[in-house]
Amino acid sequence: MDPFLQAAIDQAILGRDEGGIPIGSVLVIADQIVGRGHNRRVQNGSPVLHAEMDALENAGRLTAADYAAATLYSTLSPCDMCSGAALLYKIPRIVVGENQTFSGPEEYVRSRGVSLEVVSDPTCIELMRAFIDQHAELWNEDIGI
């Protein structure tokens with residue numbers, strides 16, 4: 001198991017255990033995690049605090065060169081908002097744990113020159129499937145349905 005994807009999974013489990021949506025993310029530069037995050041929409045009553053946004057926030061202000069050397073890991077395919085943040089900061093690589101329960105604008109992100117790899121990790125898939133089965137209304141709210 002990729003240790004950075006595992007760190008994102010650990011964040012997803014933390015979010016689930018806090019009563020939130022089990023999606024986790026880490027931002028990695030030079031083989032070091034510089035930001036960790038998980039979906040905190042429920043916990044913070046936030047409309048925008050998805051896992052990737054939380055990881056970027058927790059990384060703090062970085063230079064353009066830092067972002068250009070970064071990889072964003074997420075347990076779930078990033079949505080339009082989170083994909084847009086990665087594009088805005090020109091993060092060149094995104095590693096996605098799974099896209100079976102939700103798929104963001106992956107082809108668009110790739111068309112913008114980002115290397116986007118989907119791992120199809122069974123743990124990521126099961127975390128989301130179990131959550132969606134138990135909390136469909138909350139999940140639908142998170143993805144804007």
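**Packing and aromatic pairs**

Modeller: This is a predicted model. The buried residues of helix H5 pack against helix H3 (51-59), strand S3 (70-74), strand S4 (93-96) and helix H6 (106-111).

Colleague: Which residues of helix H5 are buried?

Modeller: Helix H5 covers residues 80-88. Buried means under 20% relative accessible area. The residues of H5 that are buried are Cys82, Ser83, Ala85, Ala86 and Leu87.

Colleague: Which residue just after H5 takes a positive phi?

Modeller: The positive phi lies just after the helix, at about 55°. The residue that takes it is Lys90.

Colleague: How many aromatic pairs does the structure hold, and what is the geometry of Phe4 and Tyr73?

Modeller: The structure holds three aromatic pairs. In one of them, Phe4 and Tyr73 lie 5.6 Å centre to centre, with 50° between the planes. Planes under 30 degrees apart count as stacked and over 60 as edge-to-face, so an angle between these limits is classed as tilted. The pair of Phe4 and Tyr73 is accordingly tilted.

Colleague: How many residues apart are Phe4 and Tyr73?

Modeller: Phe4 belongs to helix H1 (residues 3-17) and Tyr73 to strand S3, so the pair links distant parts of the chain. Both Phe4 and Tyr73 are buried.

Colleague: What kind of pair do Phe102 and Trp139 form?

Modeller: Phe102 is in the loop between S4 and H6, and Trp139 is in helix H8 (residues 136-142), 37 residues apart. Trp139 is buried, with a relative accessible area of 4%. The ring centres of Phe102 and Trp139 are 6.1 Å apart and the planes are at 90°, so the pair is edge-to-face.

Technical notes:
Residues are numbered from 1 along each chain as its sequence is written. This is a predicted model: local features need pLDDT of at least 70, side-chain atom pairs count only at pLDDT 80 or more; totals for chains, interfaces and linings use all residues. Side-chain values use heavy atoms; hydrogens and water are left out. Buried means under 20% relative accessible area, exposed over 50%, partly exposed in between (1.4 Å probe, protein chains only). Helices (H or I, at least four residues) and strands (E, at least two) are DSSP runs, numbered from the N terminus. Contact means heavy atoms within 4.5 Å. Rings of Phe, Tyr and Trp (its six-membered ring) pair if their centres lie within 6.5 Å; planes under 30 degrees apart count as stacked, over 60 as edge-to-face and the rest as tilted.
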